[in-house]
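Here is a protein chain to look over. Take a moment with the sequence and the fold, then read on for a short tour.

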Amino acid sequence: MEGLPTTMKSERRWRSKPLQTTSRPSIVMAFFSCVAWLYVAGRLWQDAENRTLLTNLLNKNLDKRPKVLSLEDKLAVLGCKDLERRIVEAEMELTLAKSQGYLKNQDQKSSTSSGQKLLAVIGVYTGFGSRLKRNVFRGTWMPKGDALRKLEERGIVIRFVIGRSANRGDSLDRNIDEENRTTKDFLILEGHEEAQEELPKKAKFFFSTAVQMWDAEYYVKVDDNIGLDLEGLIEMLDRRRGQDAAYIGCMKSGDVITEEGKPWYEPDWWKFGDEKSYFRHAWGSLLILSKNLAQYINVNSASLKTYAHDDISIGSWMMGLQATYIDDDRLCCSSIRQDKVCSVA
């Protein structure tokens with residue numbers, strides 16, 4: 001009996017050894033299985049997160065993605081480019097036309113009752129204190145009343161040219177308005193301030209306003225210190241009908257006055273070179289521009305430079321153009337010619 005327990009103990013020990021041997025690999029395999037499962041689950045979770053992130057980014061940038069253009073879209077784009085090219089070409093042509101002094105789609109301008117183009121618009125410069133001179137002109141070479149209307153039927157418009165007072169609506173303006181209601185022979189430049197130092201700017205306002213109001217062959221600027229042979233001027237202009245780019249006058253030059261305080265002082269004297277001599281230009285008391293030159297002044301008046309004197313200013317504007325300079329000494333009022341059309345009053 002004593003040997004039986006010993007034998008049973010030995011048998012138990014023998015039987016327990018294989019159990020220990022088989023359980024260790026199982027535990028190791030189970031451990032690695034868990035690790036592998038956790039790794040695969042982590043990768044699957046990470047892939048799901050990446051897909052979610054990419055989906056959100058694509059949804060946000062959906063509107064920013066380039067769209068595929070259909071054939072109609074491509075044709076529309078090409079049509080817009082062609083239209084843009086045509087617009088650029090039209091703008092270039094318009095710029096060229098403006099530089100040559102032409103305007104399109106202008107308002108209807110005054111002409112003769114028969115519809116014929118006027119021969120000339122004559123603007124006689126005047127001032128607020130020159131009523132006596134105006135009355136002298138109306139009693140000599142310048143028609144008045146019905147005779148002035150009949151002259152317009154012949155294609156000649158004559159107006160006294162004046163601006164407005166620095167104090168708009170004062171007695172100076174009211175006196176001019178009252179005189180004009182009686183005589184109807186004024187061209188009042190509403191945008192111009194009448195002053196001696198503003199005469200160069202008055203030239204721009206006169207030619208711009210006249211060419212907008214009347215369709216004429218020529219536009220004539222006359223000072224109120226000369227007498228005019230009206231019929232002789234009409235005959236001279238009538239012979240030159242149809243001549244474009246004509247700059248007509250008693251051409252002269254002269255020294256530039258550089259000393260301030262002297263008569264005819266030129267503040268911009270330094271621009272005329274070392275010789276200090278003016279370029280060739282028409283004498284200011286009587287000068288004539290053809291229609292397209294007057295149109296050029298009208299189109300470009302905002303950018304045209306003025307100098308101390310109106311005749312110098314107009315001459316500087318003509319220098320940059322293909323203007324035909326016509327030096328006619330019949331327009332030299334101090335000339336000894338018998339057939340001159342003007343004389344110093």
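The report below goes from the whole chain to its strands, cores, salt bridges and surface.

## Ground rules

This is a predicted model, where local features need pLDDT of at least 70 and side-chain atom pairs count only at pLDDT 80 or more, while totals for chains, interfaces and linings use all residues. Residues are numbered from 1 along each chain as its sequence is written, and side-chain values use heavy atoms, with hydrogens and water left out.

## The whole chain

The protein chain has nine helices and nine strands. Helices (H or I, at least four residues) and strands (E, at least two) are DSSP runs, numbered from the N terminus. Of the 345 residues in the chain, 38% are buried. Here, buried means under 20% relative accessible area, exposed means over 50%, and partly exposed is in between (1.4 Å probe, protein chains only).

Contact means heavy atoms within 4.5 Å. Among contacts between residues at least 6 apart in sequence, 76% join residues at least 24 apart.

## A covered strand and a covered helix

Let's look at strand β4, residues 216-222. Seven of its seven residues are buried, so β4 is largely enclosed by the rest of the structure. β4 pairs with strand β1 (residues 118-125) in the parallel sense, over six bridges; strands count as paired if DSSP finds at least two bridges between them. Across this pair, Val124 stands opposite Val222 in β4.

Helix α8 is mostly covered too, with nine of its ten residues buried. Among those buried residues are Lys291, Leu293, Tyr296 and Ile297.

## Two nonpolar cores

A nonpolar core is a set of buried Ala, Val, Leu, Ile, Met, Phe, Trp, Tyr and Cys residues joined through side-chain atoms within 4.5 Å. The largest one has 35 residues, and those touching the most other members are Ile122, Ile158, Val220, Leu233, Leu237, Leu286 and Ile288. Helix α7 (residues 230-238) gives the most to this core, with five residues.

Leaving aside neighbours within four places in sequence, Ile288 is in contact with residues including Tyr218, Val220, Leu233, Ala246 and Leu331.

## Salt bridges

The whole structure holds 21 salt bridges, each a side-chain nitrogen of Lys or Arg within 4 Å of a carboxyl oxygen of Asp or Glu. One of them links Arg159 with Glu152, with the closest N and O atoms 2.9 Å apart, and both residues are buried. In another, Asp215 meets Lys291 at 2.7 Å, N to O. Asp215 lies in the loop between α6 (199-213) and β4, and Lys291 in helix α8 (residues 291-300), so the pair ties together parts that are 76 residues apart in sequence. Asp215 is partly exposed, at 21% relative accessible area.

Which residue does Asp310 form a salt bridge with? The partner is Lys221, with the closest N and O atoms 2.8 Å apart. Asp310 sits in helix α9 (residues 310-319) and Lys221 in strand β4, so this pair ties together parts 89 residues apart in sequence. Asp310 counts as buried at 11% relative accessibility, and Lys221 at 0%. Elsewhere, salt bridges that share partners join Arg131, Arg134, Arg138, Glu179 and Asp185 into one network.

## On the surface

Val28, Phe31, Phe32 and Val35 form a nonpolar patch on the surface, with about 390 Å² of accessible area together. Phe32 belongs to helix α1 (residues 3-60). Patches are made of residues with over 30% relative accessible area and no salt bridge, with nonpolar side chains (Val, Leu, Ile, Met, Phe, Trp, Tyr) joined within 5 Å and like charges within 9 Å. Accessible areas come from the Shrake-Rupley method with a 1.4 Å probe; for residues, only the protein chains shown count as cover.
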